[in-house]
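Have a look at the model first.

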Amino acid sequence: MDEEDIAQKLVALLIERNMTVATAESCTGGLLAAQFTSIPGVSAVFAGGFVTYATPMKHKLLGVPRRVLKTQGAISKKTARLMAEGAAKKTGVDCALSITGNAGPDADEGKPVGLVYIGCFIDGKTTGRKFLFEGDRGSIRQQAADEAMQMLYRKLLA
């Protein structure tokens with residue numbers, strides 16, 4: 001499923017279920033929110049997004065505890081989960097997606113290029129998943145945004 005297809009299908013499903021969504025992004029820098037907002041009619045379900053590129057912003061805007069950022073790092077499953085929960089809490093939505101990772105070109109926090117964690121919050125339950133994408137910076141960012149949408153779509157259908 002290409003990025004436009006998954007975005008359209010996900011937005012249609014959210015509208016059908018009368019559910020709202022928000023995003024919290026780091027390495028994708030707003031790309032996920034941009035994919036949502038490229039779909040006509042999304043204003044019925046998309047509350048907004050946070051771009052918390054700098055590590056301190058994950059704490060300041062989303063409430064990720066400093067100790068988690070210090071012990072596990074900004075690029076971790078725990079941080080991704082807490083980012084999604086923070087976005088949901090701040091916006092009052094039914095669903096939230098978060099992305100944190102390293103799109104390159106160099107290792108960050110000792111974590112390899114392509115390592116991405118995606119968090120998914122739906123009605124009080126949060127999951128996180130690790131991915132290792134390949135390609136250049138743009139490709140890694142695009143893969144992460146696409147995978148986040150697919151993750152939420154699959155979980156809503158489950």
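Predicted model: local features only at pLDDT ≥ 70, side-chain atom pairs only at ≥ 80, totals over all residues.

Residues are numbered from 1 along each chain as its sequence is written, and side-chain values use heavy atoms, with hydrogens and water left out.

Now the fold. You'll find six helices and five strands, where helices are DSSP runs of H or I with at least four residues and strands are runs of E with at least two, numbered from the N terminus. Along the sequence they come in the pattern α-β-α-β-α-α-α-β-β-β-α. The radius of gyration, taken over C-alpha atoms, is 14 Å, close to the 15 Å that the globule rule gives for 158 residues, so the protein is as compact as a globular protein of that length. That rule is 2.2 Å times the number of residues to the power 0.38. The C-alpha atoms fill a box of roughly 40 × 30 × 25 Å along the principal axes.

What about the inside? Of the 158 residues, 52% are buried, meaning under 20% relative accessible area, with exposed being over 50% and partly exposed in between (1.4 Å probe, protein chains only). Among contacts (heavy atoms within 4.5 Å) with a separation of 6 or more, 63% join residues 24 or more positions apart.

Zoom in on Thr-52, in the loop between β2 (46–51) and α3 (55–62). Thr-52 counts as buried because its relative accessibility is 0%. Leaving out residues up to four places away in sequence, Thr-52 touches Glu-25, Ser-26, Met-57, Lys-58, Leu-61, Leu-62 and Met-83. Arg-17 is 35 residues from Thr-52 in sequence and 29 Å away in space, C-alpha to C-alpha.

Thr-20 sits in the loop between α1 (3–17) and β1 (21–25). With 25% relative accessibility, Thr-20 counts as partly exposed. Its contacts, again without residues up to four places away in sequence, are Val-45, Gly-92, Val-93, Asp-94 and Cys-95. From Thr-20 to Ala-34, 14 residues apart along the chain, the C-alpha separation is 16 Å.
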